[in-house]
Amino acid sequence: METKLKAVCFGEILFDVFLEHKKIGGAPLNVATRLKALGGEVAMISAVGDDANGEKLATYLNNLGINTDGVAVKKNYPTGIVNVILNEKGNASYDIHYPSAWDKIENSSINTTIVENADFLVYGSLSCRDAVSKNTLAELLAVAKYKIFDINLRVPHYTKKNILDLLYAADFIKFNDEELYEICEGLGSEIKSLEQNIIFIAEKTNTDTVCVTLGAHGAILYYNKKFYRNSGFKVNVVDTVGSGDSFLASLITQLLSGNNPQDAINFASAIGAIVAQHEGANPVISTAEIKDFLDGFEQQKRNSEKHFNQ
């Protein structure tokens, strides 16, 4: 019988508010949702307000079967809201309300037990913009078995010191390419090469797994001192919200289940591309849809190679 991976995601859970609608989101919640969809046993550590939005978020998580024992209700702070602005290419910018309930995640024996019993903890940088949640995360990182840092830089909600502390704690780091260059430069790197900056970060932080997403150009994974790449999938983008979160959840699931790293990054890139074809961060994706997408890509690849060799 296959053993389920036990995951815990820490940080913001909120509503992404678009021009004409709102969707449940927050990077840790998006990662948790996809981890659960891929068969994981998932818990969330966060906080919501004592309001209608908070009730909706708790109901959403419970309906998915995500453990909410670590989701506190705050009477003095509202459930998180982010105003999302999409450009003509579907890329998002964010106005993140402060303070929100998830800024005030306090630690508890329940949270500690959840993390101690999990195979890995996923965390980001945004949850450290407030000292309360930042201190709680530091305590939980001290007891986590395996720590995955999903950077998600959001101006002006981070400091260099916070980022460095979180980097040094990690066993697995995920950037986008802009974040990689910004952080490497802040650490004194004068290197221009993407690959060499990845090695620079891996050595600087003593981390053997580093992944960098490259938007439409796919992703690159540095795993046990070897590089693996996926050059991306051409899709009709509706919006990119949550695409990177589903990518990360898929990559984690594949790698920690012992799958080949190249297969893992291919699968994760496919999931990220499928999400970008849908509205919102957490579309339901069937196993059949994933298989059809990958089969279609492989057929296109074979046709291209056949044409090229003629």
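1. How many bridges join strand E2 to E3, and do these strands run parallel or antiparallel? Strand E2 (residues 14-17) is joined to E3 by four bridges, and the two run antiparallel. Within this pair, Val 17 has Lys 22 of E3 as its bridge partner. Strands (E, at least two residues) and helices (H or I, at least four) are DSSP runs numbered from the N terminus, and two strands count as paired if DSSP finds at least two bridges between them.

2. On provenance: the model is predicted, with local features requiring pLDDT of at least 70 and side-chain atom pairs counted only at pLDDT 80 or more, while totals for chains, interfaces and linings use all residues. Residues are numbered from 1 along each chain as its sequence is written, and side-chain values use heavy atoms, with hydrogens and water left out.

3. The four-stranded sheet is open, with the order E3-E2-E6-E7 and mixed pairing. Strand E3 (22-25) and strand E7 (92-96) each have a single partner strand and stand at the edges, so one side of each lacks a neighbour in the sheet. On average, neighbouring strands here are turned by 30° against each other, direction ignored; axes are lines fitted to C-alpha atoms, for helices over the stretch in contact, and angles run from 0 to 180 degrees between N-to-C directions.

4. The other pairings of this sheet are as follows. E2 and E6 are parallel, with four bridges, and Leu 14 stands opposite Gly 80 in E6. E6 and E7 are antiparallel, with five bridges; here Ile 85 faces Ser 93 in E7.

5. Helix H2 (residues 52-64) packs on the four-stranded sheet, where it touches E2, E3 and strand E6 (80-86). The direction of H2 makes about 55° with that of E3. Contact means heavy atoms within 4.5 Å.

6. A second open sheet has nine strands in the order E5-E4-E1-E8-E9-E10-E11-E12-E13, again with mixed pairing. Its edges are strand E5 (67-74) and strand E13 (226-230); each has a single partner strand, so one side of each is without a neighbour in the sheet. Strand E12 (residues 219-223) pairs with E13 in the antiparallel sense over five bridges, and Ile 220 stands opposite Arg 229 in E13.

7. Helix H5 lies across E8, E9 and E10 and runs at about 145° to E9. Asn 162, Ile 163, Leu 164, Leu 166 and Leu 167 of H5 (residues 160-169) are buried, that is, under 20% relative accessible area with a 1.4 Å probe and protein chains only. Their cover includes E8, strand E9 (147-150) and strand E10 (172-176), together with helices H4 (131-141), H6 (177-186) and H7 (194-205).

8. The structure has two cavities of 30 Å³ or more. A cavity is a set of points, on a 1 Å grid over the protein atoms alone, where a 1.4 Å probe fits but cannot get out; lining residues have an atom within 4 Å of a point. Grid points are joined across faces, edges and corners, and a volume is the space filled by probe spheres set on the points.

9. The largest cavity holds about 50 Å³, and its lining includes Phe 10, Glu 12, Asp 150 and Asn 152. Helix H1 (27-37) and strand E8 (120-124) each give two or more residues to this lining. The second largest cavity, of about 40 Å³, is lined by residues including Leu 5, Glu 41, Phe 120 and Thr 253.

Conventions. 1 Å grid on protein atoms, 1.4 Å probe; cavity = no way out; pocket = protein on both sides within 12 Å on 5 of 7 lines; lining within 4 Å. Buried < 20%, exposed > 50% of the residue type's maximum accessible area, 1.4 Å probe, protein only.
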